[in-house]
Amino acid sequence: MGRHIATYVGLAHRGEQTLVESLRQVAAGHPEDPDTVVVCRSLARQHEGGVERLGPVAERYGEEDVDEPERLHADALTKTRSGGVGLLRDLQDLYVLAALLQTTWTILEQAAQGARDDDLLQLSTQALTQVGRTMAWLTTHLKAASPQILLVGP
């Protein structure tokens, strides 16, 4: 038991790391938008905690090295785009990474319930709450910024 859980533990670990790095990249790449800078840095710190909490789960189930989140990061957020439209595109890329992470944690949560693993269940539930907050902020920020950028911006 757990061989396939190791695949998803690896996906969660890489996904959390990739999201942390990407949030920091977007914060650094858009200093003209203080909300983006402050919130992306804060979200990165919160997701960093998820990476640390995965340690005991990885020890118990193992962790397969999985390329998918890193591939998305390499294609999308190794550098940020410039200007308002660039900000919108970068926020969309963050949302895609967060959605991948959300589905990964959902799968792990279901596995935890099936395995009656309370530790993994608690970790998955906390991680889903955090990624939900991240996705909610991204959605709100996209909604707030897009009219100004698309209709009024240069």
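**Helical architecture, core and salt bridges of the predicted model**

Valine 152 is placed in helix α5; helices here are DSSP runs of H or I with at least four residues, strands are runs of E with at least two, and numbering starts at the N terminus. The model is predicted, so local features need pLDDT of at least 70 and side-chain atom pairs count only at pLDDT 80 or more, while totals for chains, interfaces and linings use all residues. Residues are numbered from 1 along each chain as its sequence is written, and side-chain values use heavy atoms, with hydrogens and water left out.

The protein has 5 helices and 0 strands. Along the sequence the pattern is α-α-α-α-α. Helix α4 has 33 residues, which should span 48 Å at 1.5 Å a residue; its end C-alpha atoms are 48 Å apart, in agreement. The expected span is 1.5 Å times one less than the number of residues. Just after α4, arginine 116 takes a positive phi of about 55°. Among contacts (heavy atoms within 4.5 Å) between residues at least 6 apart in sequence, 80% join residues at least 24 apart.

Of the 154 residues, 44% count as buried. Buried means under 20% relative accessible area, exposed over 50%, and partly exposed in between, with a 1.4 Å probe and protein chains only. The largest nonpolar core holds 36 residues, of which Leu94 and Trp105 touch the most other members. Helices α1 (3-29), α2 (34-61), α4 (83-115) and α5 (118-152) each give two or more residues to this core. Helix α5 gives the most, with 11 residues. Such a core is a set of buried Ala, Val, Leu, Ile, Met, Phe, Trp, Tyr and Cys residues joined through side-chain atoms within 4.5 Å.

Valine 152 counts as exposed because its relative accessibility is 57%.

The whole structure contains 2 salt bridges, each a side-chain nitrogen of Lys or Arg within 4 Å of a carboxyl oxygen of Asp or Glu. One joins arginine 24 and glutamate 48, at 3.0 Å from N to O. Arginine 24 lies in α1 and glutamate 48 in α2, so this pair ties together parts 24 residues apart in sequence. Arginine 24 is partly exposed at 36%, as is glutamate 48 at 30%. Aspartate 117 and arginine 60 form a salt bridge, with their closest N and O atoms 3.0 Å apart. Aspartate 117 lies in the loop between α4 and α5 and arginine 60 in α2, so the pair links parts 57 residues apart in sequence. Aspartate 117 is buried at 9% relative accessible area, whereas arginine 60 is partly exposed at 41%.
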